[in-house]
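Please look over the sequence and the structure below. The paragraphs that follow go through a few local features one at a time.

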Amino acid sequence: MRPVQIKPGIYWVGVNDRFTQLFEGLWPIGEEGVSYNAYLLTDEKNVLIDLAKSIKVDEFIGQIEQIIPVSKLDYIVINHMEPDHTGILTILKKLAPGATILIGEKGMKMLKSFYQIEENVKTVKDLEELHIGEKILRFYYTPFVHWPETMMTYEVTQKVLFSCDGFGGYGALRGTLFDDECKDKDFYIKEMLRYYANIVATFSTPVLKAIEKLSSVPVQVIAPSHGLIWRENPKMVVDFYRTWAQYASSKAEKAVTLLYGSMYGNTERMMSSLLNGLSKTGIPVDVFNVTQTHVSYILASLWKNRGVIIGAPTYEGSLFPPMADVLHMANVKHIKFKTAAVFGSYGWSGGASKKIIEMVEPLKWQIVDTVDINGAPTNEDLQKIEELGYRFAKEIIEQP
Ligand code: FEO
């Protein structure tokens with residue numbers, strides 16, 4: 001995409017990444033892609049806010065050069081040091097040697113450790129302002145949205161918030177940059193939730209603090225580092241982020257995530273009967289075979305649903321390993337306050353249910369039902385499991 005003016009003298013000069021398969025080396029984005037949104041502000045001083053990962057360097061520099069020669073940059077604002085925002089910094093410094101890097105106090109040390117840069121760097125303080133001509137930048141420290149040094153930059157006169165990872169999401173830009181021009185907003189909202197669950201969820205308390213800190217700031221445009229720019233309805237993304245952040249400490253949506261794995265089809269048959277029971281109530285259900293779906297997508301569902309049903313066979317006296325991996329990740333991401341049920345099949349000794357209960361105990365999941373079947377489920381078993389599904393859904397629906 002070519003540069004896009006988002007306000008007079010404020011340009012999007014980012015790049016799309018459709019090459020990287022795993023964001024942070026962990027999370028699949030091969031199909032969805034991601035954008036690294038950078039912003040150029042031209043005035044008496046020229047300012048670049050946020051950069052990109054160290055790919056497509058020619059394209060990135062070319063974006064700036066369509067507006068000004070890159071050597072004319074006066075300031076480079078580093079809102080966040082993670083290399084998806086700073087990867088091209090070393091090259092950019094060589095091309096714009098006169099540019100001063102502006103960074104928060106905690107970023108200084110990282111700048112040295114990641115890039116060995118110490119010269120021509122100025123620390124900005126929380127709420128400090130910088131006049132660059134008619135435009136005024138104000139820096140808001142927003143620690144742990146996503147790393148401790150993270151800040152947001154606000155252009156005061158045109159009310160644009162460059163929010164960095166905050167309010168960002170996966171999904172390369174598909175020809176449109178703004179929410180009001182996008183015909184596929186559901187895709188970006190879905191990918192924003194997955195990004196939240198994968199990248200930001202652990203830091204939900206800092207997210208709520210940042211939203212509170214910025215609550216009295218008049219914002220017309222939210223310009224994050226990843227995904228769409230929100231100018232028609234910036235409040236909508238703030239509301240999404242606030243709602244998701246609150247799920248860290250309270251019950252989430254009245255919906256169910258059904259996780260299962262099956263070695264020879266017995267647990268899978270139980271899962272089908274459970275679905276029969278659940279579906280009688282009309283409750284929304286996301287179903288995942290944990291051996292076939294990457295945990296990145298499962299985390300998004302776990303984060304937003306208050307009900308979780310876990311079905312897995314016993315494997316060598318313990319839990320089917322792919323399910324253990326998912327529950328381990330739920331622990332890493334602090335996915336708490338779920339209502340849960342457990343089921344599965346075993347051959348000679350059980351063990352899966354015990355391990356599941358042990359793994360979710362630190363997460364304060366309330367287990368309301370457990371069913372272990374030896375071998376294949378009988379028709380009577382399946383009937384009971386269907387009833388369990390119905391009971392479970394009712395329990396979720398009737399919760400306050
Ligand atoms: Fe977009 Fe924390 O990186």
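Is S345 buried or exposed? The model is a predicted one. At a relative accessibility of 8%, S345 falls under the 20% limit and therefore counts as buried. This residue belongs to strand β22. Apart from neighbours within four places in sequence, S345 is in contact with N266, T267, M270, A312, P313, T314, I373 and G375. T100 lies elsewhere: 245 residues separate T100 and S345 along the chain, and their C-alpha atoms are 63 Å apart.

F337 is placed between α10 (321-332) and β22 (339-346). Its phi is near 60 degrees, a positive value in a residue that is not glycine. Most residues other than glycine have a negative phi. F337 has 27% relative accessibility, which means that F337 counts as partly exposed.

K364 lies in the loop between α11 (352-360) and β23 (366-374). K364, not a glycine, has a positive phi of about 60 degrees. With a relative accessible area of 51%, K364 is over the 50% limit and so is exposed.

The crossing of α10 past α11 is right-handed. On the α10 side, the residues that meet the partner helix are A324, L327, H328 and N331. On the α11 side they are I356, M359 and V360.

Aromatic residues give another way into the model. The count of aromatic pairs comes to 15. One cluster is formed by F167, Y196, F240, Y241, W244 and W303. A pair of aromatic rings is described by the distance of the centres and the angle of the planes.

Rings also take part in arrangements with charged side chains. Which ring does the charged end of R174 sit over? It is the ring of F187, with the charged end of R174 at 3.6 Å from the ring centre. R231 lies over the face of F178, and here the distance to the ring centre is 3.6 Å.

Conventions
Residues numbered from 1 in each chain as written. Predicted model: local features only at pLDDT ≥ 70, side-chain atom pairs only at ≥ 80, totals over all residues. Heavy atoms only, no water. Helix = DSSP H or I, 4+ residues; strand = E, 2+ residues; numbered from the N terminus. Buried < 20%, exposed > 50% of the residue type's maximum accessible area, 1.4 Å probe, protein only. Contact = heavy atoms within 4.5 Å. Phe/Tyr/Trp six-rings, centres within 6.5 Å; stacked < 30°, edge-to-face > 60°. Lys NZ or Arg CZ within 6 Å of the ring centre and 35° of its normal. Left-handed = near helix turned anticlockwise from the far one by under 90°.
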